[in-house]
Amino acid sequence: MFESLQKRTVIVTGASRGIGLGIAKRYGQAGLNVLVVSRSLSDAEQVARDIGPHASGFAADVSQEDACLAMVQAAVERYGSVDVLAANAGIFPSARLGDMSVEDFDHVINTNLRSTFLSTKAVLPVMKANGFGRIVLTSSITGPITGYPGWSHYAASKAGQLGFMRTAAIELAAHGITINAVMPGNILTEGLAGMGEQYQAEMAASIPLRRLGSVEDIANAVLFFSTREAGFITGQTLVIDGGQVLPESSAALG
Ligand code: NAP
């Protein structure tokens with residue numbers, strides 16, 4: 001169905017594990033050249049080897065402007081262009097408000113939100129020159145829709161991505177560039193596994209489809225937003241959460 005993706009080039013940030021790894025693998029299966037980005041070069045290169053010869057690793061801290069520019073330059077040097085950016089890198093350390101330092105807050109905002117701006121800005125010259133681009137952000141239900149104790153900084157960063165996206169969508173439309181966001185619920189990743197089995201069991205029980213999501217659940221939606229066929233969709237969000245945000249109360253789960 002999506003032949004338009006063949007031979008295109010994608011940059012996936014935060015692709016060494018978790019959701020980003022799932023996204024990078026899905027793009028690789030769909031025939032794109034994949035630049036796998038994380039701060040760890042060895043992790044990124046290992047993922048690229050697993051994807052195949054049309055993938056390669058690159059080390060970048062996407063909260064830093066120079067690193068984002070170097071990331072785009074590497075994709076252009078290796079593959080000739082950049083058609084798609086999956087801005088997925090993110091962290092979710094927990095701290096209640098009373099214990100949260102300014103450094104804690106800034107670290108989360110810089111990694112999750114400033115990186116969205118910097119990586120988007122870095123790909124624009126190439127995408128504008130091509131008159132084509134697809135940018136897909138990994139936001140979250142946490143922040144835009146729900147709340148969870150310990151994640152006020154994280155929630156602000158994820159809601160902030162959507163505010164950024166809506167104005168960027170208007171600015172970029174004239175250049176043939178779309179920008180959309182997926183909003184995962186609780187997805188079983190290494191990061192979430194670290195929250196412990198009790199957290200996972202409680203979350204699964206609160207989801208109408210009675211399971212945590214898989215990285216493939218998110219990757220398939222990200223892939224769709226990246227197609228030529230999705231070209232009339234911009235500034236939009238897709239919640240992928242097994243229905244988690246729907247029940248009005250635990251009684252509504254039945
Ligand atoms: P994860 O398993 O912890 O993976 C995070 C990825 O981001 C790793 O590849 C990590 O590699 C990279 N990363 C972290 N800081 C970075 C930086 N400054 N520059 C470049 N890369 C960086 O996390 P995940 O659960 O897959 O989450 C991925 C995204 O999904 C995040 O944006 C998160 O907010 C969102 N999300 C996750 C869930 C969930 O249930 N898991 C739900 C909603 C939204 P390095 O450490 O090597 O840099």
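A: Arginine 210 lies in the loop between helix H7 (197–205) and helix H8 (215–225), where helices (H or I, at least four residues) and strands (E, at least two) are DSSP runs, numbered from the N terminus. Although arginine 210 is not a glycine, its phi is positive, at about 60 degrees. With a relative accessible area of 44%, arginine 210 is partly exposed; buried means under 20% relative accessible area, exposed over 50%, and partly exposed in between (1.4 Å probe, protein chains only). The model is a predicted one, in which local features need pLDDT of at least 70 and side-chain atom pairs count only at pLDDT 80 or more, while totals for chains, interfaces and linings use all residues. Residues are numbered from 1 along each chain as its sequence is written, and side-chain values use heavy atoms, with hydrogens and water left out.

Lysine 7 is likewise not a glycine and has a positive phi, of about 70 degrees. Its place is in the segment before S1, and at 69% relative accessibility lysine 7 counts as exposed.

The strand in question is S2. Of its 6 residues, 6 are buried, so S2 is largely enclosed by the rest of the structure. Asn33, Leu35 and Val37 are buried on one side of S2, and Val34, Val36 and Ser38 are buried on the other, which leaves both faces covered. S2 pairs with S1 in the parallel sense over 5 bridges; two strands pair if DSSP finds at least two bridges between them. Within this pairing, threonine 9 has asparagine 33 of S2 as its bridge partner. Between S1 and S2 the chain passes through helix H1 (residues 18–29), and this β-α-β crossover is right-handed: with the strands pointing away from the viewer, the path from the first strand over the helix to the second runs clockwise.

S2 also pairs with S3, again in the parallel sense and over 5 bridges, and serine 38 stands opposite alanine 59 in S3.

The buried residues of H2 are Ala44, Val47, Ala48 and Ile51. Viewed down the axis of H2, they fall within an arc of 100 degrees, so they line one face of the helix; the arc is that of the directions from the helix axis to the C-beta atoms. The buried residues of H2 pack against H1, S2 and S3, contact meaning heavy atoms within 4.5 Å. Arg49 and Asp50, on the other side of H2, are exposed. After H2 comes glycine 52, whose phi is positive, near 135 degrees.

S2 is also packed by H3, whose buried residues contact strand S1 (9–13), strand S2 (33–38), strand S3 (55–59) and helix H4 (102–130). Those buried residues are Ala67, Cys68, Met71, Val72, Ala74 and Ala75. They cover an arc of only 155 degrees around the axis, which puts them on the same side of H3. The face turned away from this buried side carries the exposed residues Asp66 and Glu77. The 15 residues of H3 (residues 65–79), at 1.5 Å a residue, should span 21 Å, and the end C-alpha atoms are 21 Å apart, which agrees; the expected span is 1.5 Å times one less than the number of residues. Glycine 80 follows H3 and has a positive phi, near 95 degrees.
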